[in-house]
Amino acid sequence: KITPVILSGGFGSRLWPLSRRERPKQFLPIFSGQSLFQKTCERVSSDRFQPPLVISNQDHRFLIGEQMAELGIEPQAIVLEPCGRNTAAPAALAALMALENDENAIVLLLPSDHLVADEHEFHSAVEAARSAVEGGQILTFGIEPSEPNTGYGYIKLCEGTAQVRKVDAFVEKPDLETAEEFLKAGNYLWNAGIFMYSAASMRAAFLKHAPDIWEQVGKALKNARKDLDFLRLEEETFAQVRNISFDYAIMENEENVACVPTDPGWSDLGSWPAIWESMPKNDEGNSALGEAIFEQSKNCLVYSDDALVSVVGLSDVMIVNTKDALLVTAKDKAQDVKKIVEQLDKAN
Ligand code: GDD
Ligand code: MG
């Protein structure tokens with residue numbers, strides 16, 4: 001059986017002011033009464049999976065506990081990071097913990113904050129990946145790109161038509177010019193951010209490309225302590241782990257990579273324009289979560305907790321109104337909302 005590992009340590013800062021440090025986007029029940037974290041848990045709760053392993057920031061432990069209890073899903077473990085070290089650390093941790101149980105373990109590493117509309121297609125892609133993973137390859141899932149988005153990793157496919165394709169190169173978050181070239185070239189897919197691999201091949205990849213991370217995370221795990229239902233990594237050792245994403249530390253350097261191209265109705269929902277994309281719109285392309293009136297406006301998004309928001313004569317603007325903060329941003333600058341969060345963090 002596959003061990004699903006759910007990464008939920010991010011803060012979703014591009015979705016401020018809805019997403020906050022104490023309740024990041026993956027825990028918000030805004031998309032259908034359930035949170036994206038809960039939807040992720042359900043997506044990997046079937047016969048082909050072990051109970052999930054959740055790796056998260058310690059601040060969110062009760063949210064995770066509550067949201068899983070609501071679903072009646074019992075995790076294999078909830079591992080708490082004392083501080084955020086980005087995703088290379090939890091990827092190493094997932095492999096280390098899986099290897100403790102089973103030298104042949106297969107891991108499915110999943111972000112907790114994505115929308116996957118077609119679960120059936122998602123599960124077929126996972127099945128398609130299985131034999132390549134057992135053969136030692138690191139599997140990515142590739143999405144047909146629709147725009148030169150610089151917030152994603154890009155997977156360059158080798159020639160062929162097989163269901164599992166060899167990967168020629170992996171490029172994390174290229175600049176706009178490069179992303180435009182990739183789109184023109186045509187043989188690039190977006191990295192969905194979901195990875196599948198045997199724990200043993202991930203150990204080999206870390207030992208080759210980032211042995212410091214493997215060793216340091218191993219120490220933090222060895223010194224971890226049980227606390228209620230949680231496993232707390234030791235702060236002193238974990239704080240020394242290199243702060244880098246899995247994509248940069250491993251995927252850009254590893255050669256033994258393959259890809260299953262898939263179209264499971266995937267959306268990263270990482271920024272307000274991505275949410276706007278995924279929503280129903282009126283004839284002028286406006287959409288609203290909450291009460292809104294549009295006049296002579298197009299391609300706008302309104303999110304509002306309780307106030308009525310009216311928009312006159314604006315195009316491509318995202319407006320997000322919460323109890324204590326209001327965001328108004330140009331659609332094509334919405335990636336920089338995280339800079340507002342950085343400013344706020346500095347001020348506090
Ligand atoms: N446990 C833990 N600890 N989880 C983390 C941490 C951390 O320090 N930082 C981020 N995460 C979680 C996030 O909550 C999210 O679920 C997942 O790891 C991915 O992190 P992001 O920060 O959202 O990554 P990204 O969106 O910039 O880029 C990744 O996803 C893209 C697709 O959405 C990359 O894999 C890209 O290549 C990919 O295209
Ligand atoms: Mg993301």
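Select helix H11 (337–347), which contributes the largest share of the lining of the largest pocket, five residues. Helices here are DSSP runs of H or I with at least four residues, strands are runs of E with at least two, and both are numbered from the N terminus. The model is predicted: local features need pLDDT of at least 70, side-chain atom pairs count only at pLDDT 80 or more, and totals for chains, interfaces and linings use all residues. Residues are numbered from 1 along each chain as its sequence is written, chains are lettered from A and ligands numbered from 1 in the order in which they are written, and side-chain values use heavy atoms, without hydrogens and water.

Next, display the whole pocket. On a 1 Å grid over the protein atoms alone, a pocket is an open set of points with protein on both sides within 12 Å along at least five of seven lines, a cavity is a set where a 1.4 Å probe fits but cannot get out, and lining residues have an atom within 4 Å of a point. The largest pocket holds about 1,500 Å³ of space, a volume being the space filled by probe spheres set on grid points joined across faces, edges and corners. Of its 49 lining residues, those closest to the centre are Gly10, Arg14, Asn86, Thr87 and Lys173.

Now select ligand 1, whose space is the largest pocket; a molecule sits in a pocket if more than half of its atoms lie within 2 Å of the grid points. Around ligand 1 are 27 residues, each with a heavy atom within 4 Å of it. Glu81, Glu172, Asn191, Asp247 and Asp268 are the closest.

- Glu81: a polar side-chain atom lies 2.7 Å from a nitrogen atom of ligand 1.
- Ile55: a polar backbone atom is 3.1 Å from a nitrogen atom of ligand 1.
- Asp268: a side-chain N or O atom is 2.6 Å from an oxygen atom of ligand 1.

The protein covers 88% of the 740 Å² of accessible area that ligand 1 has on its own, by the Shrake-Rupley method with a 1.4 Å probe.

Strand S9 (188–198) is the next selection: S9 gives the most to the shell around ligand 1, with three residues. S9 also supplies at least two residues to the lining of the largest cavity, as do helix H4 (119–134) and strand S6 (138–143).

Finish at that cavity, of about 50 Å³. Its lining includes Phe122, Phe141, Ile194 and Trp266.

Terms used. Polar contact = N/O pair within 3.5 Å; in protein donor to acceptor, adjacent residues only side chain to side chain.
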